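Subject: Structure handover

Hello,

Here is the structure for you to look over. My notes on it follow below.

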Amino acid sequence: MSAEPITTFESSLGEVGVELVQTTSDQFESALIPLLNAPAVGTQLPFENVSLPDTVETDPTVQELETAETGVTAAGYAIADYGSVVIQGGPDGEEPVSLYADEHVAVIAGSDVLPDMDTTFDRLAEDIRSGTGQAIIATGPSATADMGALVKGAHGPMDVTVVLLEDR
């Protein structure tokens with residue numbers, strides 16, 4: 001894959017106030033640990049040779065979700081032009097792990113950074129046809145200005161970090 005979508009993605013993330021941490025699968029845990037504020041919850045990660053540390057609860061209760069400081073989820077793909085990540089829902093509805101905590105860490109493979117919205121719509125259409133129709137497109141921290149001044153974290157995470165697994 002060309003480095004261009006990743007360069008664009010990094011720039012777009014910066015524009016929406018999201019930090020990008022690039023790492024490899026063998027360095028993943030050491031890159032992730034400094035990003036975690038306990039208690040942390042997460043979903044199992046679908047990437048080869050990558051797993052969450054034991055300090056991340058992967059089968060949280062409702063109370064653990066409500067008290068979590070950090071939520072770690074895999075992003076199915078990203079939209080380089082917008083600095084967005086696509087969090088896909090699973091059959092058990094685990095995608096809310098990314099929404100409850102004040103901090104969201106999205107993990108994505110470099111090969112899953114799509115260049116633009118047209119490509120993303122094509123991929124979303126494929127997902128819907130294959131039965132994976134649930135998805136949340138998230139761009140930066142949650143924010144609203146409905147009542148005047150901008151408020152971060154009104155309906156979701158106040159801080160977002162993307163961990164990009166570099167292709168080898």
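A nonpolar core here is a set of buried Ala, Val, Leu, Ile, Met, Phe, Trp, Tyr and Cys residues joined through side-chain atoms within 4.5 Å. Buried means under 20% relative accessible area, exposed means over 50%, and partly exposed is in between, with a 1.4 Å probe and protein chains only.

This is a predicted model, so local features need pLDDT of at least 70 and side-chain atom pairs count only at pLDDT 80 or more, while totals for chains, interfaces and linings use all residues. Residues are numbered from 1 along each chain as its sequence is written, and side-chain values use heavy atoms, with hydrogens and water left out.

Overall picture

The protein chain has five helices and 12 strands. Both are DSSP runs numbered from the N terminus: helices are H or I with at least four residues, strands are E with at least two. Of the 168 residues, 45% are buried. Contact means heavy atoms within 4.5 Å. Among contacts with a separation of 6 or more, 72% join residues 24 or more positions apart. The accessible surface is about 8,900 Å², and carbon and sulfur atoms hold 48% of that. Areas come from the Shrake-Rupley method with a 1.4 Å probe; for residues, only the protein chains shown count as cover.

The cores

The largest nonpolar core has 19 residues. Those with the most contacts inside it are F28, L32, L45, F47, V105, V107 and V163. At least two residues of this core come from each of α2 (28-32), β4 (70-74), β7 (103-109) and β12 (159-165). Another core lies apart from it, with 16 residues, including V18, A78, V160 and L164.

Not counting residues up to four places away in sequence, F28 touches T23, L45, V50, S51, V107, V163 and L165.

L32 sits in helix α2. L32 counts as buried because its relative accessibility is 0%. Leaving aside neighbours within four places in sequence, L32 contacts L52, P53 and V105. L32 and V107 are 75 residues apart along the chain, and their C-alpha atoms are separated by 9.5 Å.

Backbone points

Two loops deserve a look. The A38 to P39 peptide bond is cis, with omega near -5°. P39 lies in the loop between α2 and β2 (40-42).

N49 has phi near 60°, a positive value in a residue other than glycine. N49 is in the loop between β2 and β3 (56-57). N49 counts as exposed because its relative accessible area is 64%.

Best wishes
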